[in-house]
Amino acid sequence: MTEFENAMKKVADMVHAAARKSGEILENTKISYNISSERDKIAKIERKIGSQFYKIFKDGGEVPEFIKGDLEAINAIEEKIRQLEKTISDSKPYKFCTDCGSKLELSDIYCAKCGAKQHDNAEPQEDDKCDEAESCCDDCCDDENKDDKCD
Ligand SMILES: [Zn+2]
């Protein structure tokens, strides 16, 4: 073998080695992925077991003593979530039923309490976009808002 051929063979060997190595890395990546997807399955089952115990606990059933603390922690968190949700619904804009005076959300069309149809602001408000865009703009839209309203 000439020196040149020798050098070329070395290069070829190196390329092969690198390819084999990256093939192994790829294979390992695949295996790691499989491992983590198997772990996900375990986590899913564990969550299911946990939520089944929590359901039993909430219904007043018997649960193992050692998990009671955790179940009570979930209870406390759920209570906190309820409080936070209440804060959101309290700050929503509201209106009163035109019939019985119950507090309703602005979007309610029927009263949740008496069922009366709401006649005031129940209809969805149309934005005042020009529907005859070609001819109306100069008349009905001021120049400042022209681009927003007329297209
Ligand atoms: Zn009502």
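Predicted model: local features only at pLDDT ≥ 70, side-chain atom pairs only at ≥ 80, totals over all residues.
Ground rules, quickly. Numbering starts from 1 along each chain, following the sequence as written. Local features need pLDDT of at least 70, side-chain atom pairs count only at pLDDT 80 or more, and totals for chains, interfaces and linings use all residues.

The inventory: four helices and two strands. Helices here are DSSP runs of H or I, at least four residues; strands are runs of E, at least two; numbering goes from the N terminus. The order from that end is α-α-β-β-α-α.

Now burial. Buried means 20 or more other C-beta atoms within 10 Å of the residue's own; exposed means 12 or fewer; partly exposed is in between; C-beta atoms are placed from the backbone. Of 151 residues, 1% count as buried.

Next, helix H1, residues 3–58. The expected span is 1.5 Å times one less than the number of residues. Zero residues of H1 are buried, so H1 lies largely in the open. Just after H1, Gly60 has a positive phi of about 85°.

On to H2, residues 68–91. Its 24 residues reach 35 Å from first C-alpha to last, close to the expected 34 Å. The buried count in H2 is zero as well. Lys68 belongs to H2. Lys68 counts as exposed because it has 12 C-beta neighbours inside 10 Å. Its C-alpha is 9.1 Å from that of Tyr54, 14 residues apart along the chain.

Last, contacts: C-beta atoms, placed from the backbone, within 7 Å. Among contacts with a separation of 6 or more, 3% join residues 24 or more positions apart.

How values were computed: Contact = placed C-beta atoms within 7 Å.
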